[in-house]
Amino acid sequence: MSHASSGNSSGASGKIAPDVFCDLTIDAARRRATILLREAPVDTPELDARLLVGAVTNLDLTGLSLHASRKLTLDEAERLAASVQRRLAHEPVARILGRKEFWSLDLKLSDATLVPRADTETLVEAALALHPDKTQPIHFADIGTGSGVILLALLSMWPNSMGIGLDISLPALRTARDNARALKLDDRAVFVASNYTAALRGSFDLIVSNPPYIASGEIELLAPDVRNFEPRRALDGGADGLDAYRILCTDAARLLRPGGTLAVEVGHRQADEVAALMTATGMTVLPYRNDLAGIARAVCGIRQNA
C-alpha cells in the first residue's frame, strides 16, 4: 500500500506517528486525515475524516466550517491520530465514535451490538406499514434487540405502544436500556434476557427481528469492517444462515395473536427461503419490501385466524 505524501506519517501499512496532526488547523487536519484514509483505502475517506475530526474537536459540520482555521490542541491531535489509525485497520467509524444515528435517533453502541445499517430501516418501514395508524397501541417484541435500534425506532413512531426487547447478551441489553433512557422511551420499553423467544409469554400484535443470517462458512468472506469488528453471535445464522428463522417462524404461531405479524430482515437471496418457512407454519406471506438497492430485505407473514 502507498504511503501518505505529506507530514510525519505512514500509510495503512505502518503506524501513524502520534504527532502527525500536531500544529495543524482543523481544516488541514481533516484534509490530511482524508489523504491517509483514501490511501488505505476505505470507502468514504472524506466523510470518515470529517466525522473523526468532528468527534475529537466536539464540533458538528457547521462548527468545523466556522472554526476551520483554529489549530488542534495537542490532545486533539493525539486522539485524532489514534482514531485514524483505528480506521486504517478497518474498524468502523461508528465503533470508534461509540455512536451511530439510526432512524434519526442518536444511539450508543457497544462491543456486544451490531453497528446499525441503513438496510435495517427497511424493516422498520415494513413494520410501520403494517400498522399505519400511529395512535393505535401496538404490543410488540423485538427479538435480538442489540442496541435497541428497531424497538426504539418503532416506539418513537408509535406513541401509545409498548415494546419488549429480547437478547441473549446482557451487555447488549444494558446498551439498549441506556439508549431507551437517553431517548426518554424507557417508560414504554422492557428488556429481557432470552435466547430468541424463550422468555416470551402472551399474545403479540407484532414480532420483529433482524436475526443472525450469515451462513457460518461465509463469515470469513465478509468485509473486514464486519468480519473483524462485529460480534460473531450476531452474524452467524448456522450452516445455511436460516437457523434463526426456523425458530422465529415456529414460535410466531405460539406468540402472535390471530392476524398478528412476523416481520424479519433477511440477507441477499434469502427472501424466498424465509417466506417458505413462514408458509410452512401457517402464515400468509405479504409482498417483500426492498431496500434502496432493490434487494428484498424485509419479509412479513400474517398469522391466520385459529
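**Ground rules**

I am working with a predicted model, in which local features need pLDDT of at least 70, side-chain atom pairs count only at pLDDT 80 or more, and totals for chains, interfaces and linings use all residues. Residues are numbered from 1 along each chain as its sequence is written, and side-chain values use heavy atoms, with hydrogens and water left out.

**Cysteines**

I looked for disulfides, meaning pairs of cysteine sulfur atoms within 2.5 Å. A disulfide is a covalent bond between the sulfur atoms of two cysteines. The count came to 0. Cys249 is in no disulfide, and the nearest cysteine sulfur, that of Cys300, is 11 Å away. I then looked up exposure, where buried is under 20% relative accessible area, exposed is over 50% and partly exposed is in between (1.4 Å probe, protein chains only). Cys249 is buried at 2%, while Cys22 is partly exposed at 25%.

**Asn179**

I found Asn179 in helix α8, residues 170-182. Helices (H or I, at least four residues) and strands (E, at least two) are DSSP runs, numbered from the N terminus. Asn179 counts as buried, with 2% relative accessibility. What does Asn179 contact, leaving aside its neighbours within four places in sequence? I listed Leu107, Lys108, Ser147 and Leu152, with contact meaning heavy atoms within 4.5 Å.

I searched the whole structure for salt bridges (a side-chain nitrogen of Lys or Arg within 4 Å of a carboxyl oxygen of Asp or Glu). The search gave 23. Side chains of opposite charge can pair when their charged atoms come close.

Glu230 pairs with Arg95 in a salt bridge, with the closest N and O atoms 2.4 Å apart. Glu230 lies in the loop between α9 (224-227) and α10 (243-255) and Arg95 in helix α5 (residues 93-97), so this pair ties together parts 135 residues apart in sequence. Both residues, Glu230 and Arg95, are buried.

Glu230 also forms a salt bridge with Arg117, at 2.9 Å between the closest N and O atoms. Arg117 sits in the loop between β2 (105-108) and α6 (118-130), so the pair ties together parts 113 residues apart in sequence. I noted 5% relative accessible area for Glu230, which is buried, and 35% for Arg117, which is partly exposed.

I found a salt bridge between Arg254 and Asp251 at 4.0 Å, N to O. Both lie in helix α10, 3 residues apart, about one turn of the helix. Arg254 is partly exposed at 42%, whereas Asp251 is buried at 17%.
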